[in-house]
Every structure is written in structure tokens, then in C-alpha cells.
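Me: I am new to this structure. Please show me how to read its features, step by step.

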Amino acid sequence: MAAQSQIYAGAFADPVFQAQSVFRTLMDGFARPGTVASFSALAAPPSPLGRASGAVALTLCDHDTSVWLSPALAKSAVPQWIAFHTGAPMTETKDDARFAFIEKGAAVPSFDQFALGTQEYPDRSTTLVIEIEALSGGRSLIAKGAGIKDETVIAPEGLPDLFLDFWAANRAIFPRGIDLVLTAGDAVLCLPRTTKLERE
Amino acid sequence: MNDLATYNFAYLDEQTKRMIRRAILKAIAIPGYQVPFASREMPMPYGWGTGGVQVTASILGPGDVLKVIDQGADDTTNAVSIRAFFQKVANVAVTTRTKEATIIQTRHRIPEETLKEGQTLVYQVPIPEPLRFLEPRETETRKMHALEEYGLMHVKLYEDIARNGHIATTYAYPVKVEGRYVMDPSPTPKFDNPKMHMSEALQLFGAGREKRIYAVPPYTEVVSLDFEDHPFEIQKFDKPCALCGAENVYLDEVVLDDKGGRMFVCSDTDHCEDRRAHGHAGHMLARPTPESQEAAE
């Protein structure tokens, strides 16, 4: 029964306004890549999905968006939690997914395995939501691109070793490509496909 | 009041908002690219800004301050009715002052006051596809965007020069965003194009009938198309605003009588009022001067 209560609890108490506030944080995050912001509303999804990642799921997923979950998430109560609260269908095929969720510490597949959109419809691509250790305190990366005045420095901690290679490959196929939402605790950092990253 | 009888906050249902919000995020990630979305019927006809209204409704929160302008004016029919709509369905604070607004919905102007970080400008767009009048088939224009094949647009601008000696396009002047997509800035006068370049504010575009959403993030390169020997130029006005004396602003022509009398006044009413409140006066501003008192007698 513990599993059941996990599935039914943990959504927004005030769905209309909390979803709006989470969306605005995401919108501002994508409009100003590299800024770290905290969600004012959080979800309480079953472990191991993070609270901020759960809030993203509640805000953006519904029956129109198929969701891919990392193996550990797929084995947990998370698929039922997402299904109950958002109605989103699960998919095991990465390039069918509109959203993909990966919990902290899990292996991150290379980004080109997900939907990248087409040259005609580059918007039909996966948005990856990855929880990492922390959004600061890691190795410094210089970010440039749309939404960034001159340049900004980000230092996420706990990114996969090959992250910069994955990201450079993703940047190279613009306008196709995935978009990335990094979460840690209740904070979020968005990286749209336009952002260029390099080591400091 | 019975809650069952009221609309959801900001009129749209939550599923519609989620769908539009997803489109907005993709639009921001691909600056200048037109994201298709499932535009809804709104309680106003197409052409009244249904695209802008749906974008505003999807981003609006209870803490926002909304300003709505129509050709720069806060007090014309379209602006007044959309502002009243959001007051009714979202009970949101409204203002006419550009500085105080967090969301500005606009029909065909960008405010004169430089927009700041944290502000969002929502454009109402009638025809989002800049290539539509050159190529009517959606399948073809989509392919042209995919291949970054914008030669046709340059031919059009060239033909302008061949016929008129200069580029005759004065509004909806095509721009290239972040060096990739050619975008229609909606029918704003080309006077406003330079304001889009590296703006601190987020710019969102909604086309309701055509079912497209696109965006220009802050600090994004927006270049008006031109030629080396015919560089892009904005409109110039001979006289300052007749009411506030402002120069280097976009002016509307107002016909005064049937004898050819006319005046040119700021299209941005808030800017004009603000200047007059600060003591600026144009040559036709009504003032109780000795002369006008004599004339009245």
C-alpha cells in the first residue's frame, strides 16, 4: 500500500498557479540559458525522481507527450506516478519521446539517440530532464549564444564525462537537436540547443 | 460566487496551456522558427489577436502586470477589449505604463521606451510566414526554411530597388534571427526593427489563425535584410511630435480638417503622455496661452 500512496500523492496542491509558476521559471531559464533558478512549487514524486524534475513533468507532460524514463526510473513507481497525474504514455523508444527523465547518477545516453526533430520540423525533438549532483561547484564552462549577453559561466557538477562531446554534436546539427533541463534539488538550469559550451 | 460557473484562470483550459507552453519553449530554443501549435477558438474573431491572446493567457500569472497596445496606443478598440478580457478572466493588474508592465501584448508596434530584462513582449501576428506572398505552398516554404534557402526574399527586395530605386517595404520588413531563420517581425513599421536586435526582453509571437508560435530570446541577433549598396534604413520624420515635441520616435498622421490640415503625433501614447507630464510640449499642444485666450474671445 505504501507504493500506492506514493503514486497518488505528490502532485501540485494548486495545479493551475503552481504549473504556471514552474513554467515561467522554465521559460525564463530557456530565454536566459545558464541562469540557475529555483522552482517556487515542487512536486513530491516517488524516489528516485527528483522534486524539480517531478515539477517539470507535472507542468509540461500530458497525453500528447510520450515520456522515456531511464531504466531505474522505469522500474520504480515513477511511471505510474506520471501516468496518474499527467496521463502521459510511456515509451521505451528514445526517439519517440517528447520528454526524457534521468535520475541523479544514472548513465546518460548520447543525445543523438533521442528525437532530434527534422530539418523541416526541428521542434519535434526530445527535451531531456536530467538530475545532477549540483548546478554549481563543478568544472567551469563558458556558455555563449542566444539569450546570453556576451558570455556566462556555468559550473554544473555531476555531468557525464562525455557531456561536452555530446553537446558539441548536438550543437553541430542545429536547428535540429535536443534541449536540456538540468535539475538539482529544487533548482533548475536550462540549456536550449542554441547554447555553445566550452571549457574555461 | 459559484466557482463552477467561472472560467479557468486566464480563460484557457490547462491542457491547452501546456500545449502552448511546450510550443513556446521550443520556439525559444530555435529562435525565429515557427512552431506549429493547436490554436483554439477564442471568444473574439481571428484578426483580433487570438494568437497573442493565447500566448499571453499561457504565460500570465497572478503577479503579472499587463499592458496591451494597438499600433502603439493603449486606448484603441483592440487594446481596450483585450485588456478588459484579461481583467475579467484572470483578474490581472493592468497598466498603460511601459516601465511597469511585465507582459506587453502588442499589435504592430514596439514601445519607444527600451524594454528591460524580465519584460516579455507578445506580438499579435496575422501572417507569420515571411515567404508566404512569394511562395503560397506551405510545403515549399517549409523546405526553404529547412534548406536556409532565402534567395527569393532577396530577389523581392532587389525588385523593389529596380522598380522604386529603394527598398519599398516599410512594415513587416524581413529579419534574419541569430544568423539562421528569416522571420516576419509581424506588421510593425520597419522603424521598430532595430529595437528587436539584442533586446533585453523576451519576444514571443503568436499567430492564431495560422497556428504558429515563434520567439526571439533576449540578447539575440536580429538583422534586417539588405544589400551592401542599399543598406537598411528606418523611416525618418521631418517634424517632431506635434504634442510632445519628441524626435526619433514613430509618428502617426492625424487629419485635422478637409482643407489638408494634418498633424503628426507619437504613435506610442504612453511615451507621449509621459513626455508631456515631464513638461515637454510640441507646437500644437493645447495650452492656455494669452494668444489662444484672445482667439477664443
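Me: What should I know before I start?

Reply: This is a predicted model: local features need pLDDT of at least 70, side-chain atom pairs count only at pLDDT 80 or more, and totals for chains, interfaces and linings use all residues. Residues are numbered from 1 along each chain as its sequence is written, chains are lettered from A and ligands numbered from 1 in the order in which they are written, and side-chain values use heavy atoms, with hydrogens and water left out.

Me: How many residues of chain A and chain B take part in the contact?

Reply: Contact means heavy atoms within 4.5 Å. Here chain A gives 41 residues and chain B gives 42 residues.

Me: What is the area buried between chain A and chain B?

Reply: Buried area is the accessible area (1.4 Å probe) that two parts lose on being put together, summed over both. For chain A and chain B it is about 3300 Å². Carbon and sulfur atoms give 62% of that area.

Me: How many residue pairs are in polar contact between chain A and chain B?

Reply: A polar contact is a pair of N or O atoms within 3.5 Å; within protein, one must be able to donate a hydrogen and the other to accept it, and residues adjacent in sequence count only if both atoms are side-chain atoms. Between chain A and chain B there are 20 such residue pairs, both residues at pLDDT 80 or more.

Me: Which elements give two or more residues to the side of chain A that touches chain B?

Reply: Helices (H or I, at least four residues) and strands (E, at least two) are DSSP runs, numbered from the N terminus. The elements in question are α2 (15–31) and α3 (51–60) of chain A. The largest share, 11 residues, comes from α2(A).

Me: How do the residues on that side of chain A divide?

Reply: Ala, Val, Leu, Ile, Met, Phe, Trp, Tyr, Cys and Pro count as nonpolar; Asp, Glu, Lys and Arg as charged; the others, Gly among them, as polar. The side of chain A that touches chain B has 20 nonpolar, 11 polar and 10 charged residues.

Me: Why is α3(A) described as largely enclosed?

Reply: Buried means under 20% relative accessible area, exposed over 50%, and partly exposed in between (1.4 Å probe, protein chains only). Nine of the 10 residues of α3(A) are buried, so the rest of the structure largely encloses this helix. Among them are A:A52, A:G54 and A:L60.

Me: Which residues have the most contacts inside the largest nonpolar core?

Reply: A nonpolar core is a set of buried Ala, Val, Leu, Ile, Met, Phe, Trp, Tyr and Cys residues joined through side-chain atoms within 4.5 Å. The largest has 82 residues. Those with the most contacts inside it are A:L26, A:M27, A:F101, B:I24, B:I28, B:F86 and B:L204. Leaving aside neighbours within four places in sequence, A:F101 is in contact with residues including A:L49, A:W68, A:S70 and A:V129. A second, separate core of 29 residues includes A:I102 and A:F163.

Me: Is A:S70 buried or exposed?

Reply: A:S70 is buried, at a relative accessible area of 1%. It sits in the loop between β2 (67–69) and α4 (71–75) of chain A. Beyond four places in sequence, A:S70 is in contact with A:F101, A:I102 and A:E103.

Me: Where is B:S39 found?

Reply: B:S39 is in the loop between β1 (35–36) and α2 (50–59) of chain B. B:S39 counts as buried, at 12% relative accessibility. Not counting residues up to four places away in sequence, B:S39 touches B:Q54, B:G208 and B:K211. A polar atom of the B:S39 side chain lies 2.8 Å from the backbone oxygen of B:G208.

Me: Which residue forms a salt bridge with A:D179?

Reply: The partner is B:K26, with the closest N and O atoms 2.8 Å apart. The pair crosses between chains, from strand β7 (residues 179–184) of chain A to helix α1 (residues 14–29) of chain B. Both A:D179 and B:K26 are buried.

Me: What links B:E148 and B:K176?

Reply: Their side chains meet in a salt bridge (4.0 Å, N to O). The two residues are 28 residues apart in the chain. B:E148 counts as partly exposed at 36% relative accessibility, and B:K176 is partly exposed at 24%. Elsewhere, salt bridges that share partners join B:R109, B:E112, B:D192 and B:K195 into one network.
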